[in-house]
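Me: I would like to learn how to read a few features in a model. Can we take the core, the strands and the disulfide in turn?

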Amino acid sequence: MTVYHATRGRRRTRRVRILLGLGVVFAVLAGTAVVMWFWPAGPRPPFQLPVACGERWQLGTYPGHGTYDVDLFPMEGKTAWGRPVYASYEGTVTAAGINGELGGRTPEKPDGPRGSGGGYWVKIDHGGRWETAYMHLLEPPMVDVGQEVKTGQQLGKVGSTGDSGAPHLHYEQRRGFQKVEAFFDGKASGITDDDREYSVIRTSNNCVGR
């Protein structure tokens, strides 16, 4: 009986120690999350339009699109399908794959079934708690998670995967955990609230190495 009680007591002690250890881990993780939420972001990186140097693109939004979300459509050329999508600034790829469901819209079947979410997409961490996201790409991204990319490096091609009605690039800039108005070449994009449908025209200065 004495041996049985001693063994059971040791097991209880181990369980208590494990629970205490898990509690410490969760407390540390929660504290880190709180610190990251309130930690101020670094200076805004010198983001560029995520499209070819010298090209003019329409930046637009519409009701229900999402505050600060930007849709990009080319102003020149016959089609948006397959246009190269470039990194706005250097950083580390943190997502590269499928967001939601791809659907079936392709250059051959532009009215195919609509998907959900961002389709093929890429997200980049630029440091200082700044991120960018690129959605509705035509094909699997040309970069991988963990890869370091440079400003102007090609990430993929414009498509219409995911929840997309026509070929375009959906683009976001994030500071910390919040989307903010996108800036390009040091200038505000002009796309802010999605209370109405409107657009602006901008010319890309993403000309590194070109």
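Reply: Start with the core. The largest nonpolar core has 30 residues, and those with the most contacts inside it are Leu59, Leu72, Val122, Ile124, Tyr134 and Leu155. At least two residues of this core come from each of β1 (56-61), β2 (70-74), β5 (116-127), β6 (130-137), β9 (169-175) and β13 (198-203). This is a predicted model: local features need pLDDT of at least 70, side-chain atom pairs count only at pLDDT 80 or more, and totals for chains, interfaces and linings use all residues. Residues are numbered from 1 along each chain as its sequence is written, and side-chain values use heavy atoms, with hydrogens and water left out.

Me: What is a nonpolar core, and what does buried mean?

Reply: A nonpolar core is a set of buried Ala, Val, Leu, Ile, Met, Phe, Trp, Tyr and Cys residues joined through side-chain atoms within 4.5 Å. Buried means under 20% relative accessible area, exposed over 50%, partly exposed in between (1.4 Å probe, protein chains only). Take β9: five of its seven residues are buried, so the strand is largely enclosed by the rest of the structure.

Me: How are strands assigned, and when do two strands pair?

Reply: Helices (H or I, at least four residues) and strands (E, at least two) are DSSP runs, numbered from the N terminus. Two strands pair if DSSP finds at least two bridges between them. Stay with β9. β2 runs antiparallel to β9, joined by three bridges. Here Asp71 stands opposite His170. With β6, the antiparallel pairing has six bridges. Trp130 faces Arg175 of β9 as its opposite residue.

Me: Which residue stands opposite Gln178 in β10?

Reply: Arg175 does. β10 (residues 178-180) pairs with β9 in the antiparallel sense over three bridges. Their hairpin has two residues between the strands, and Gly176 takes a positive phi near 65° there.

Me: Now the disulfide. Which cysteines does it join?

Reply: A disulfide is a covalent bond between the sulfur atoms of two cysteines. The cut-off used is a pair of cysteine sulfur atoms within 2.5 Å. The structure holds one. Cys53 is joined to Cys207, S to S 2.0 Å. The torsion about their S-S bond is about 85°, so the disulfide is right-handed. Cys53 lies in the loop between α1 (2-38) and β1, and Cys207 in the segment after β13, so the pair ties together parts that are 154 residues apart in sequence.

Me: Where do Cys53 and Cys207 fall on the accessibility scale?

Reply: Cys53 is partly exposed, at 33% relative accessible area. Cys207 counts as partly exposed, at 22%.
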